Amino acid sequence: MTANKETKTEAEKAKTAKTAEKEKTAKTAEKAKTAEKAKTAKTAEKEKTAKTAEKEKTAKTAEKTKTAKTAKTAEKEKTAKTAEKEKTAKTAEKEKTAKTAEKAKPAKSADFRKSAGNPDTKTPRQTISKMPVVKRAIKPVPLSKLPLFPISKKPDNRANFKAIWDILQQLYPKPEVELDFETPFEILTATILSAQCTDRQVNTVTQFLFKKYRAIEDYANADPAEFGKDIYSTGFYNSKTKHVIGCANAILKDYGGAVPDTMKELTKLPGVGRKTANIVLSRGFGINDGIAVDTHVKRLSGKIGLTEQEDPEKIEQDLMKLAKREDYDNLSLTLIFHGRRVCDAKKPKCDVCAIQEMCPSAFI
Ligand code: SF4
């Protein structure tokens with residue numbers, strides 16, 4: 001009886017255990033199923049999210065492309081419009097220029113003459129309206145009708161001198177000497193120093209020289225070696241020293257210390273020729289005795305056809321036959337200015353030269 005009871009209990013226990021096992025298995029299965037479902041749902045969710053992101057990305061890219069295309073198109077349209085505007089503006093400008101040129105045609109050469117070569121002119125165009133009209137006293141003779149010099153074959157352009165001089169006077173109304181000085185002896189010294197040297201460099205030297213040597217006796221008693229050093233940068237200082245000190249001594253000895261005011265006396269001083277004497281007379285004493293012919297005057301008077309001579313004294317004589325006495329010094333200074341500013345020895349600016357129409361050397 002006890003055995004049966006034990007067996008029964010055992011069986012019940014086994015049954016209970018089995019049931020429990022089953023329940024456990026069922027629960028595990030349920031759990032697994034639930035986990036599986038959750039996983040699947042998660043995966044689905046992820047896929048959905050990824051798809052949505054992809055769609056958004058694609059949409060964004062499309063939007064960007066569209067925007068870029070629109071911008072490009074707008075840019076193209078803008079460029080086309082700008083080009084069109086520029087074209088229209090250019091055409092209008094051309095038409096305007098052509099009209100202006102057409103209007104200005106008859107007055108062209110006169111305007112050109114007024115502006116070019118003026119030392120006060122920044123650019124030829126700026127002063128065209130400001131410059132006074134040039135009234136020619138003499139009608140220029142066409143170059144083709146000019147007689148030729150028999151030897152040099154340079155055209156004799158003397159017939160055009162007055163017309164040329166008129167124009168040059170308009171361009172250089174007040175030609176001022178560029179050397180600094182206060183006394184006749186200082187202009188004599190500065191002129192001697194200016195040989196083969198620029199006026200600017202001479203002024204740099206005389207700025208100190210004229211303070212160091214004040215009276216003519218200071219020059220006469222100067223130590224040649226020291227004086228040579230003082231004027232060294234003007235070049236040819238040995239001969240210049242000799243001439244300046246020699247002039248001072250001669251003036252003290254022969255003229256009582258006063259610089260003479262005649263061509264004859266001045267040209268007796270050491271190193272003083274007609275050019276220097278003319279400069280001292282006109283600028284130191286206001287006497288127009290002759291025309292100072294320097295390298296510019298020589299070159300220009302030949303180029304313009306005012307002389308066929310090569311010797312400065314003969315050139316001076318030719319120029320003196322053309323100019324009035326009161327214009328002697330101005331003519332010299334004017335030709336110097338024109339030579340420095342327009343008719344350069346190496347590159348003459350014939351294209352802007354005011355006297356090109358009457359110059360036989362223009363563009364040669
Ligand atoms: S050579 Fe030329 S720059 Fe010189 S004066 Fe004649 S036109 Fe003028």
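## A helical protein and its ligand shell

Helix α4 passes helix α8 in a right-handed crossing; a crossing is right-handed if the near helix is turned clockwise from the far one by less than a right angle, and left-handed if anticlockwise. Leu 188, Thr 189, Ile 192 and Leu 193 of α4 make the contact with Lys 240, His 243, Val 244 and Cys 247 of α8, where contact means C-beta atoms, placed from the backbone, within 7 Å. These residues divide into five nonpolar, two polar and one charged (nonpolar: Ala, Val, Leu, Ile, Met, Phe, Trp, Tyr, Cys and Pro; charged: Asp, Glu, Lys and Arg; polar: the others, Gly among them).

Before going further, note that this is a predicted model, in which local features need pLDDT of at least 70 and side-chain atom pairs count only at pLDDT 80 or more, while totals for chains, interfaces and linings use all residues. Residues are numbered from 1 along each chain as its sequence is written.

Stepping back, the protein has 13 helices and zero strands, taken as DSSP runs (H or I, at least four residues, for helices; E, at least two, for strands) numbered from the N terminus. Of its 364 residues, 28% are buried, that is, with 20 or more other C-beta atoms within 10 Å of their own, C-beta atoms being placed from the backbone. Among contacts between residues at least 6 apart in sequence, 60% join residues at least 24 apart.

Now to the ligand. Around the ligand sit 13 residues, of which Cys 343, Cys 350, Cys 353, Cys 359 and Ala 362 come nearest; a residue counts as near if its C-beta atom, placed from the backbone, lies within 6 Å. The shell divides into nine nonpolar, two polar and two charged residues.

Definitions and conventions:
A residue is buried if 20 or more other C-beta atoms lie within 10 Å of its own, exposed if 12 or fewer, and partly exposed in between; C-beta atoms are placed from the backbone. Two residues are in contact if their C-beta atoms, placed from the backbone, lie within 7 Å.
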